[in-house]
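Please look over the sequence and the structure below before reading on.

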Amino acid sequence: MKLDFQAAEALLRHNRSKLVEAGSISPQWVDDGFVYQVTRGGEEKTYRVDPTAGTRVEATGLPDRPGTGDFLAVVSPDGKYEVIRHGPDLWLRTVADGTERPLTTDGETDNAYGTNSFSVDVLLGKIGLPHLPPAVAWSPDSTRVLTHQLDRREVRETHLIDVLPEGEAAPELLTQRYAFPDDEHLPLQRYVVLDLDGGAVRAQGEPQYVGVLSPITLEWVWWSGGDVYFIEQPRDQRSLTMKRLDTRTGATEVILTETGDTRLEPNQYGQERAVTRAAGDDLLWYSQRDGRPHLYRYDLRTGELRNQVTSGEWNVRRILHVDDTVVCFTAVGLVAESPYRETLCRVHLDGTGFARITDDDLHHDVAVPPNGKYFVDTASTVDRPPVITVRSWTGEVLIELERADVTRLLATGWQPPEEFRALAADDVTEIFGLLHKPHGFDPAASYPVLNSPYPGPHVNRTAPSFDPGHFGPDAEALAALGFVVIAVDGRGTPGRTKAFHDASYRHLQTAGIVDHVAAIKQLAESRPWMDLDRVGVYGMSGGAFATVRAMGEFPGFFKAGVAESGNLDNRMYLQQWGETYAGPVGEQDYAEVSLLDLADRIEGRLLLVHGGLDDNVQPHHTLRFVERLIAADQDFDLLIVPRGEHVLLGYEHHVVRRRWNHLLQHVAGVTPPAYRLKPAEIDLAVIAKMFG
């Protein structure tokens, strides 16, 4: 068993991007083209691209972003104004001279304008940001701004203690508004249209229930024809309604409503923008009524169904561009090698003329400019490095921009993961996953195995691209330490059929672990080098929930685990999370999504890690479970990071080392060497990308 700690450290999330040159770009749209930067050989270069002329030439640097370049400002379409937040109110800033004036004046604490109901203030404070950008949507003519006033005054208060504030002051109490499942009082919002010349129009009727993120942030809201159209979802989430807001009077009217027996969503991926899109007098409505996510065309004014636009044994993933006759989108399920690779497609709005724009088996990550004349395509798979091109909507390559250089990545001993298919525990449903082999792999040897879960149900654990996504680098690093690492998207995760996703509905407590165990056993049947007497599990947040669930449900199978920042008692986690995936109020005993009763069933060695200032999954989740472990007289390990927030930013070097050492000692049976990791540098660009 080869333990390469230097390679493992190089593969960690904050280091891995340095090992792949020209693997991704971030276009900055300028006129009819764009500018981007890329690093090769340690040298940063800037290029200006003109897709119409078919040229790519070196430039002197990135142009100034429209406005002041303030991350916390939302710029108007004409580039002349910005909306910013001052306390609970919104202000207008003129870009030319920087002058500011209030757009609202009656905001107050917990009844503020343009805020989200869920805050990550500790993380933001750590990187020097006072808040997120305001939730606003500019009118196309830059004369009005849509926002909402969010009332949280009756929402439950919860508390954290900062044991060592700046300056080593005495401990301070931090209070936040935080609703639990089954709470009576929830955040409520009312849309407000603000005119730059003064005045405001408020939506009439009852205020609207709002979940973790603002519908404006999630782009459930559009301007069209001078009015605002928005998707409304009730607390039980069994219906979706499209409404029109008359921006002159505040009156609202229903355009259409769809209902179902389980949750309905405008996107299976719960924290991504709605797939539904208004286009001219058409509404392209995302629906899973035929068992898969597809598009239906409605009259935007009357709500009359015109036709089904897409159909087939595949899913619409994202809408990219719509013109008068055609919609271009990505679909998953069209590539045999992976159900999650995205393929670019087009179809006429009347449902005829379906065609694939990218006729290959690659995954396509796409960026579309505001003018919609072309797209920037990053094409890859887990074992084929990215090639970045500019393409027309017919699929023609207009310009090749970059081919990724992975020389430094390969030098670490890295090898691409193996894509696999297995049967779920029902012996019927096909599931998909990735297997990472240990560095220096020898098929004659025997290797310990790790399960790396994240149960969703709002995201996938595996990534279909060369970029391993959020979770992949940790798995790659552990492969450098001699482990076989398995990642599975079991039943209940998004990206497949409605029924596949609904497997988690009212069954959130299972975390899909039974499918993970089934897959690991099937893989081992044809891979004798997988030692099923040495199996462990680790995860963070929802992955920590899955880790503890795995060790409690399969105590003889998992010999050890590491659970970091885990929501172990979902009775006291985010209201929207529990009610969305565990089931509506009145139909679910939320005690079922608590893991406290598993404490006496765990046999393997468990390391629990939590930040004392975690304002997402508050530390009481882990401490409540610890109390049960102590009551059961269990042996376990505990690491509390007193000033750590949910992702433990700034503490990775210590937390990761503790994770590695625990798994090496208690799963692999190896005494870890005295290796210390370097503290990670905080990359503000990466943090900004996390918040869109």
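## Pairing of strands around β35

Two strands pair if DSSP finds at least two bridges between them. The model shown here is a predicted one, and in it three bridges join β35 to β36, with the two strands running parallel. Within this pairing, V449 stands opposite V484, a residue of β36. Four bridges join β35 to β37, and these strands also run parallel; here the bridge partner of Y447 is M530 in β37.

Is β35 mostly covered or mostly open? The strand is mostly covered, since five of its five residues are buried.

## An open sheet of four strands

Another part of the model holds an open sheet of four strands, arranged in the order β1-β2-β3-β4 and paired in the antiparallel sense. Its edge strands are β1, residues 28-30, and β4, residues 55-59, each of which pairs on one side only. On average, neighbouring strands of this sheet are turned by 35 degrees against each other when direction is ignored.

Inside the sheet, strand β2, residues 33-40, is joined to strand β3, residues 43-50, by seven bridges, and the two run antiparallel. In this pairing F34 stands opposite V49 of β3. F34 also belongs to one aromatic cluster together with W29, Y36, Y47 and Y374. The ring of Y47, another member of that cluster, has the charged end of R56 sitting over it, 3.7 Å from the ring centre.

Which length should helix α7 have, and how far apart are its end C-alpha atoms? The helix covers residues 513-525, and at 1.5 Å a residue its 13 residues should span 18 Å, while the end C-alpha atoms are 19 Å apart, so the two values agree.

The buried residues of α7 are I513, D515, H516, V517, A518, A519, I520, L523 and A524. Among the elements that cover these buried residues are strands β33 (418-423), β34 (430-436), β35 (447-451), β36 (484-489) and β37 (530-540), together with helix α8 (542-553). E525, by contrast, is found in α7 but has a relative accessibility of 70% and therefore counts as exposed, the cut-off for this word being over 50%. The C-alpha atom of E525 is separated by 24 Å from that of G604, a residue 79 positions away along the chain.

## Aromatic rings and charges

A pair of aromatic rings is described by the distance of the centres and the angle of the planes. Rings are counted as a pair if their centres lie within 6.5 Å, and by this rule the count comes to 20 aromatic pairs. In one of them, the rings of Y191 and F230 have centres 4.9 Å apart and planes at 55 degrees, so the pair is described as tilted. Y191 lies in strand β14 (residues 188-195) and F230 in strand β18 (residues 227-232), so the pair ties together parts that are 39 residues apart in sequence. Both Y191 and F230 are buried.

W314 and F329 form an aromatic pair that is stacked, with 6.0 Å from centre to centre and 10 degrees between the planes. This pair links distant parts of the chain, 15 residues apart, because W314 is in the loop between β24 (305-308) and β25 (315-322) whereas F329 is in strand β26 (residues 326-332). W314 and F329 are both buried. Elsewhere, the charged end of R496 sits over the ring of F500, at 4.4 Å from the ring centre.

## Particular points of the backbone

Most residues other than glycine have a negative phi, and most peptide bonds are trans. In this model, D31 has a positive phi of about 55 degrees although it is not a glycine, and its place is in the loop between β1 and β2. With a relative accessibility of 69%, D31 counts as exposed.

D427 likewise has a positive phi, near 65 degrees, in a residue other than glycine, and it lies in the loop between β33 and β34. At 59% relative accessibility, D427 counts as exposed. What kind of peptide bond joins G456 and P457? The bond is cis, with omega about 5 degrees, and P457 is found in the loop between β35 and α5, the latter covering residues 472-479.

Notes: Residues are numbered from 1 along each chain as its sequence is written. This is a predicted model: local features need pLDDT of at least 70, side-chain atom pairs count only at pLDDT 80 or more; totals for chains, interfaces and linings use all residues. Side-chain values use heavy atoms; hydrogens and water are left out. Rings of Phe, Tyr and Trp (its six-membered ring) pair if their centres lie within 6.5 Å; planes under 30 degrees apart count as stacked, over 60 as edge-to-face and the rest as tilted. Buried means under 20% relative accessible area, exposed over 50%, partly exposed in between (1.4 Å probe, protein chains only). A charge sits over a ring if NZ of Lys or CZ of Arg is within 6 Å of the ring centre and within 35 degrees of the ring normal. The expected span of a helix is 1.5 Å times one less than its number of residues. Contact means heavy atoms within 4.5 Å. Axes are lines fitted to C-alpha atoms, for helices over the stretch in contact, and angles run from 0 to 180 degrees between N-to-C directions.
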